[in-house]
Amino acid sequence: MKYDLFLRYGPALLRGFGVSLLCWIVGSLGGALLGFVIACLYRWSAWPVRWILQAYIEVIRGTPFMIQLFVLYYGGPYAGLVLSPIQSGIVSFVVYGSPYFAEIFRSGFEAIPKGQLEAARAIGIGEFAILRRIMLPQMMVLITAPLTNFVIILSKETAILSVVTVPELLYETQTMAAETFTFVEPFLALSLFYWLLVVVTAELGRRVETYAMRHLRRSASAT
Amino acid sequence: MDFSFDVILRNMPYLLAGARWTLVLSLTGISLSVVLGVFICAARISAKGLLRRAAAVYISAFRGIPLLVQLLLFYYLLPEIGLDLPALAAAILAIGMCSAAYVAEILRGALQSIPAGQTEAAEALGIPPVALWRRILVPQALRLGLPSLVNELILLVKVSSLASVVGIGELTRVAQNITGQTYRPLEIYLAAAAVYFVINFTLSQLGRMAERRLRLD
């Protein structure tokens, strides 16, 4: 094991890790936002819109992420959409993640008992207030676990961005391996970075879950 | 630029030939992963602490490292320790072993939802453990886990696109090659996406049919 390699390539690997983090965080937030909009549209619109959204969900979930990335990055310029590698990485992340997020939010919406919504409408609470004050707080308890799960899955998909030369962690690792003719050291460093990422995300997810469940805990201790 | 269906039509036979390898990869991958997954799941719930911990390490390692990295590890690292696998074998092994971790967790979830009373009853009746697993637990677990397993198979079809990176001529690789010759990435990659979609849509419909047939009511 050549330890000085870590010193020499440490900055490059850290920079790659930063790019991975950037694509992952922006992609996840954007995907979750788009997914939430899709789930809301699906819930509150008529069947033609629903039909289109369903087709969108099926198509995006039925095609590999790498192909979507290629369509955007290589095919985009021919349709007048020129994006840098990082930009196309982030955009394809948002698009790829949105249907999965939408399905998670939809399952959350469906878990709220109908009676609560009818009662809320009957006493004149507005639709937006119903969403914000009644549905979201209860949904969050249920969907935090699947959300964390999917965000962890997304963190690993960032490795695929290396194929379109996004200078993220795997790309920098492969550069390091190619320049030094080593293999064990770069990939050991790579595994450590990803492991760190997953452990931190899982812990964050647990924290959010505890936060989302705070009203349940309080009512449980009161009785 | 004008969208040309002609390019798609002309290259469709090559894409379909690539799709055959995609199917080979994903079907052998899922077979390997189900067989391996059954053993890992058995280890994960066994009474022996050592086996249980080993299975837990396997699962968290294969679920925690990106598949693309695993694929590169299998393809480049195994030759370094004297195990020179052909690209196809390395890809199937990587995909199968990664998916086995997920299958093991799916099966564990399914097994744990079978009432413990059944196992106790079987033991009380003196049914040997092999028969208990073969006749009672595994069939029920497979039925309960079928929707998730079909889901996993569809995921496998999609991740088989990563095998293009180690040079296997499956659908994505073929699409890359054709793009290199025709300079028509938009058409070719959209066509490849359509082929993937058709495969996955068929699989999900077959899965739904199987579920209906297996339902007990």
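In the predicted model, the contact between the two chains takes 24 residues from chain A and 26 residues from chain B. On the side of chain B that touches chain A, at least two residues each are supplied by α3 (67-80), α7 (171-182) and α8 (185-214) of chain B. Of the elements on this side, α8(B) gives the most, with 10 residues. By class, the side of chain B that touches chain A consists of 19 nonpolar, five polar and two charged residues.

Tyr189(B) was examined individually. When its neighbours within four places in sequence are left aside, Tyr189(B) is in contact with Ile67(A), Phe70(A), Val71(A), Tyr74(A) and Gly75(A), and also with Ala175(B). Tyr189(B) also belongs to the largest nonpolar core, which has 105 residues. Together with Leu68(B), Leu71(B), Ala91(B) and Ala192(B), Tyr189(B) touches the most other members of that core. Helix α4 (residues 87-112) of chain B provides the largest share of the core, 16 residues.

Within chain A, the packing of two helices was considered. Helix α1 (residues 4-44) and helix α6 (residues 127-157) of chain A have axes that come within 9 Å and cross at roughly 140°. With angles over 145 degrees counted as roughly antiparallel and 65 to 115 as roughly perpendicular, α1(A) and α6(A) are therefore oblique to each other. The crossing of α1(A) past α6(A) is right-handed. Trp24(A), Gly27(A) and Ser28(A) of α1(A) make this contact with Val151(A), Leu154(A) and Ser155(A) of α6(A). The contact of α1(A) with α6(A) comprises three nonpolar and three polar residues, and no charged ones.

Technical notes
Residues are numbered from 1 along each chain as its sequence is written. Chains are lettered from A and ligands numbered from 1 in the order in which they are written. This is a predicted model: local features need pLDDT of at least 70, side-chain atom pairs count only at pLDDT 80 or more; totals for chains, interfaces and linings use all residues. Two residues are in contact if their C-beta atoms, placed from the backbone, lie within 7 Å. Helices (H or I, at least four residues) and strands (E, at least two) are DSSP runs, numbered from the N terminus. Ala, Val, Leu, Ile, Met, Phe, Trp, Tyr, Cys and Pro count as nonpolar, Asp, Glu, Lys and Arg as charged, and the others, Gly among them, as polar. Axes are lines fitted to C-alpha atoms, for helices over the stretch in contact, and angles run from 0 to 180 degrees between N-to-C directions. Angles under 35 degrees count as roughly parallel, over 145 as roughly antiparallel, 65 to 115 as roughly perpendicular and the rest as oblique. A crossing is left-handed if the near helix is turned anticlockwise from the far one by less than a right angle, and right-handed if clockwise. A nonpolar core is a set of buried Ala, Val, Leu, Ile, Met, Phe, Trp, Tyr and Cys residues joined through C-beta atoms within 7 Å. A residue is buried if 20 or more other C-beta atoms lie within 10 Å of its own, exposed if 12 or fewer, and partly exposed in between; C-beta atoms are placed from the backbone.
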